[in-house]
Amino acid sequence: AVREIVLAEAWRYRCDVTRLYLTGFSFGANGVFDLALEQPDLWSAAWAVDPTRIPPRALDLPVWVSIGQASRYQASAYVRRLGLAEAGQDTDRVWTDEGIDHVGTARRAYRDSRVYEWLLRQVRNEEAGKDVAE
């Protein structure tokens with residue numbers, strides 16, 4: 001159902017389907033992992049903001065994780081599972097931890113221009129976009 005809705009709206013608004021990004025906060029960040037694992041061909045990148053659980057396996061697409069109070073105690077497990085590097089390194093697997101609480105992490109993460117600049121560099125190739133759009 002998510003795929004159908006996303007592609008219908010992308011078509012309706014004439015979006016570039018090679019630039020579909022997935023983000024969510026807290027339990028929504030867990031959903032980011034779930035959808036990215038189920039539909040890696042649909043998304044160009046995934047951004048999980050202070051998730052509450054580690055994904056069952058690594059994602060097959062670029063991922064940024066904004067770690068906060070809910071995920072900090074398992075930060076090293078996220079880094080290992082997802083193959084993450086600290087923000088500022090040239091990679092498609094990034095994490096940040098600003099050392100703040102759960103809600104503060106969301107506020108700061110969604111105001112952070114670095115993440116949006118990173119997202120805009122994540123583009124699926126044209127052929128993949130055609131497959132998804134059909």
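The legends below describe several views of one predicted protein model.

Residues are numbered from 1 along each chain as its sequence is written, and side-chain values use heavy atoms, with hydrogens and water left out. Since the model is predicted, local features need pLDDT of at least 70 and side-chain atom pairs count only at pLDDT 80 or more, while totals for chains, interfaces and linings use all residues.

View 1. The protein contains six helices and five strands, where helices (H or I, at least four residues) and strands (E, at least two) are DSSP runs numbered from the N terminus. Along its principal axes, the C-alpha trace spans about 40 × 25 × 25 Å.

**View 2. The surface and the interior.** Of the 134 residues, 46% count as buried, a word that here means under 20% relative accessible area, whereas exposed means over 50% and partly exposed lies in between (1.4 Å probe, protein chains only). The protein exposes about 7,400 Å², of which carbon and sulfur atoms supply 51%; such areas come from the Shrake-Rupley method with a 1.4 Å probe, and for residues only the protein chains shown count as cover. Among the contacts with a separation of 6 or more, 55% are between residues 24 or more positions apart, a contact being heavy atoms within 4.5 Å.

**View 3. The open sheet.** Five strands form an open sheet in the order β1-β2-β3-β5-β4, and the pairing is parallel; two strands pair if DSSP finds at least two bridges between them. The edge strands are β1 (21-25) and β4 (85-86), each of which pairs on one side only. Strands β4 and β5 are joined in the parallel sense over two bridges, and the bridge partner of Ala85 in β5 is Val94.

**View 4. Strand β3 and its two neighbours.** Five of the five residues of strand β3 (residues 63-67) are buried, so this strand is largely enclosed by the rest of the structure. Both of its faces are covered, with buried Val63, Val65 and Ile67 on one side and buried Trp64 and Ser66 on the other. Strand β2 (residues 45-49) pairs with β3 in the parallel sense over four bridges, and Ala46 stands opposite Val63 in β3. Five bridges join β3 to strand β5 (residues 93-97), again in parallel, and Val63 stands opposite Arg93 in β5.

**View 5. Two loop residues with positive phi.** Most residues other than glycine have a negative phi. Ser26, in the loop between β1 and α2 (27-38), has a phi near 65°, a positive value in a residue other than glycine, and Ser26 counts as buried at 12% relative accessibility. Asp50, in the loop between β2 and β3, has a positive phi near 50°, and Asp50 is buried, with a relative accessible area of 0%.
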